[in-house]
Amino acid sequence: VEIKIQRKVINTPLGRMVQKCVAGAWVEELEQTQETEDKDEPERSLFVFLPNDPFRRLCVSIGNMVVFDIVIYSSIGVSCFFLMVTPPAEDLPGDVPIVPFVEMVRWNQVFTFLFLFEAIVRIVSDGLYFTRTAYLKSGWNIIDFTVLTLSLVDEFGLLQGDGGTAKVIRMGRALKPLRLMKRNQGMRQVIDALISTMMPVAYVVLFSLFNYFTFAIIGVGLF
């Protein structure tokens, strides 16, 4: 009899409403419990390294070293200098390069592997994408990673047979000066401000084009 009464109560509109409220509260409580557990659980970088892992702590200490930053800054500066003085071709007649081409190639390889070491240190320290301070959650780090990927493809000659694609890959080296700007807080603020104004400027351009088009149609109709 009690079971029949419970079923009758549940099948009423009020009973179904109460059941939904209870189920919703239970689901909300479960989600809050899951979020609390996720916050309490320490984040793993690359799904492997805990915050107290010796290798991750070593990478964090290396990344916070002033000497490490100075070496990276200097390498980016010298790499940009080599980028400016690199001739468009090796066999240009009467063109004597400031730095021998072989030396530039050798130093570019050293800088590429140094930047690869820096990326590994940052990724192990902060995580690649699924942590709160992940490496690829910063637009500037995405630029760094893109330049590094293009440099590695160029160094290993993965697209050496394809002339057009190889030229496009080498053109990616023109983004290297942006890596130097990333490390200057003032330049970062200026570039971020310019990027944030792109959409309002696009709206102004569209509004101007609409006005020009409207008055052009009026002019054609009148004259």
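Two rings of Phe, Tyr or Trp count as a pair here if their centres lie within 6.5 Å. By that criterion this predicted model holds 7 aromatic pairs.

Start with phenylalanine 47 and phenylalanine 130. Their rings form a tilted pair, with 5.5 Å from centre to centre and 40 degrees between the planes. Phenylalanine 47 sits in the loop between α2 (13–40) and α3 (54–63), and phenylalanine 130 sits in the loop between α5 (101–126) and α6 (139–156), so the pair ties together parts that are 83 residues apart in sequence. Colour by accessibility: phenylalanine 47 is exposed, and phenylalanine 130 is exposed too.

Next, select phenylalanine 81 and phenylalanine 82. This aromatic pair is also tilted, at 6.1 Å centre to centre and with 45 degrees between the planes. Phenylalanine 81 has 35% relative accessibility and so counts as partly exposed. Phenylalanine 82 counts as buried because its relative accessibility is 8%, and the cut-off for buried is under 20%.

Now go to tyrosine 129. Lysine 137 lies over the face of this ring, at 6.0 Å from the ring centre.

Finish at helix α9 (residues 185–196) and helix α10 (residues 198–222). The two helices pack at an angle of about 35 degrees, and their axes are 4 Å apart. To display the contact, select Leu194, Ile195 and Ser196 in α9, which meet Met198, Met199 and Pro200 in α10. Sorted by class, the contact of α9 with α10 has 5 nonpolar residues, 1 polar residue and no charged residues.

How values were computed: Residues numbered from 1 in each chain as written. Predicted model: local features only at pLDDT ≥ 70, side-chain atom pairs only at ≥ 80, totals over all residues. Heavy atoms only, no water. Axes fitted to C-alpha atoms, helices over the stretch in contact; angles between N-to-C directions. Contact = heavy atoms within 4.5 Å. Nonpolar A, V, L, I, M, F, W, Y, C, P; charged D, E, K, R; others polar. Phe/Tyr/Trp six-rings, centres within 6.5 Å; stacked < 30°, edge-to-face > 60°. Buried < 20%, exposed > 50% of the residue type's maximum accessible area, 1.4 Å probe, protein only. Lys NZ or Arg CZ within 6 Å of the ring centre and 35° of its normal.
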